[in-house]
Amino acid sequence: MIEPTRVFALRHGQTAWNVDQRIQGQLDVPLDATGHWQAQQLARALGEEELAALYSSDLQRTRDTALPLARSSTLAVATEVALRERSFGSFEGLTYAEVEALHPKEARRWRQRDPGFGPGGGETLLDFNARSMAVLGRIAAQHPGQAIAVFTHGGVLDCLYRAAVGLALDAPRTWQLGNASVNRLLFTGDGFVVVGWSDRNHLEVPGALYATAAPA
């Protein structure tokens, strides 16, 4: 029997575009001051874990979220392009309100989570889900009996949660995808199982600024 892999699946820290409700997609937007603080808190929260490897999307908001943990653990961050957020094509750089105003028909299909819909030049939800789950499964399969941290994006984590609990891609979302929250899963050869989701106790510091933003 293959020993399970313990997976800490982590969304990047906050960016100014998260606060503005602006769609980042695969644009390389940096962390803001709060995001850098969240990254430090995340490193402290995971500091006692015996991690075998750190993985990150190659976009700077995820890499910079991983760096404090990399420094404290002396582990290198392995970047994976396939851990990037969904490509939103013509939606990228627009606020949610601007998408509704400029692309009302496309916005409706997006809100309805139409699996076959992709914004102009972007990925369909089906293609994005296949990419996300393939890279997550490949990474986790390399570390049986070990623990790993994976720094990625809200959309990738949404796909992961749905796969782990058996929810369809077009099912309404009722779970959180907070910046720098901790999500714990186990991976076996049969797939992922959720152990704990959206732990943000490390971010509950009196007087600290925190925003929970939509995935992008």
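1. Start at Arg173. Its relative accessibility is 35%, so Arg173 counts as partly exposed. The model is a predicted one. Arg173 has a salt-bridge partner in Asp158, with N to O at 3.0 Å. Asp158 lies in helix 7 and Arg173 in the loop between helix 7 and strand 5, so the pair ties together parts 15 residues apart in sequence.

2. Asp199 pairs with Arg184, and their closest N and O atoms are 3.0 Å apart. Asp199 belongs to strand 6 and Arg184 to strand 5, so this pair also ties together parts that are 15 residues apart in sequence. Asp199, at 22% relative accessibility, counts as partly exposed. Arg184, at 28%, counts as partly exposed too. Elsewhere, salt bridges with shared partners join Arg113, Asp158, Arg162 and Arg173 into one network.

3. The structure holds twelve salt bridges. One of them joins the side chains of Glu123 and Arg131, at 2.8 Å from N to O. Glu123 and Arg131 are both buried.

4. Now strand 4, residues 147-152. Six of its six residues are buried, so the strand is largely enclosed by the rest of the structure. Both faces are covered. Ala147, Ala149 and Phe151 are buried on one side; Ile148, Val150 and Thr152 are buried on the other.

5. Which strands pair with strand 4? Strand 1 (residues 5-11) runs parallel to strand 4 and is joined to it by six bridges. Within strand 4, Phe151 stands opposite Leu10. Strand 2 (residues 51-56) also pairs with strand 4 in the parallel sense, over five bridges. There, Tyr55 has Val150 of strand 4 as its bridge partner.

6. The largest nonpolar core has 27 residues. Those with the most contacts inside this core are Val7, Leu136, Val150, Leu160, Leu185 and Phe192. At least two core residues come from each of strand 1, strand 2, helix 6, strand 4, helix 7, strand 5 (182-188) and strand 6. Helix 6 gives the largest share, seven residues.

7. A second, separate core has 16 residues, among them Leu54, Ala149, Phe151 and Leu203.

8. The aromatic side chains come next. The structure holds seven aromatic pairs. In one, the ring centres of Phe91 and Phe117 are 6.3 Å apart and the planes stand at 45 degrees, so the pair is tilted. This pair links distant parts of the chain, 26 residues apart. Phe91 is in the loop between strand 3 (77-79) and helix 4 (96-102), while Phe117 is in the loop between helix 5 (104-111) and helix 6 (125-141). Phe91 and Phe117 are buried.

9. What is the geometry of Tyr161 and Trp197? Their ring centres are 4.9 Å apart and their planes are at 65 degrees, so the pair is edge-to-face. Tyr161 lies in helix 7 (residues 154-165) and Trp197 in strand 6 (residues 191-199), 36 residues apart. Tyr161 and Trp197 are both buried.

10. Phe88, Phe91, Tyr96, Trp110 and Phe117 form one aromatic cluster. The charged end of Arg22 sits over the ring of Trp17, 5.9 Å from the ring centre.

Key. Residues are numbered from 1 along each chain as its sequence is written. This is a predicted model: local features need pLDDT of at least 70, side-chain atom pairs count only at pLDDT 80 or more; totals for chains, interfaces and linings use all residues. Side-chain values use heavy atoms; hydrogens and water are left out. Buried means under 20% relative accessible area, exposed over 50%, partly exposed in between (1.4 Å probe, protein chains only). Helices (H or I, at least four residues) and strands (E, at least two) are DSSP runs, numbered from the N terminus. Two strands pair if DSSP finds at least two bridges between them. Rings of Phe, Tyr and Trp (its six-membered ring) pair if their centres lie within 6.5 Å; planes under 30 degrees apart count as stacked, over 60 as edge-to-face and the rest as tilted. A charge sits over a ring if NZ of Lys or CZ of Arg is within 6 Å of the ring centre and within 35 degrees of the ring normal. A nonpolar core is a set of buried Ala, Val, Leu, Ile, Met, Phe, Trp, Tyr and Cys residues joined through side-chain atoms within 4.5 Å. A salt bridge is a side-chain nitrogen of Lys or Arg within 4 Å of a carboxyl oxygen of Asp or Glu.
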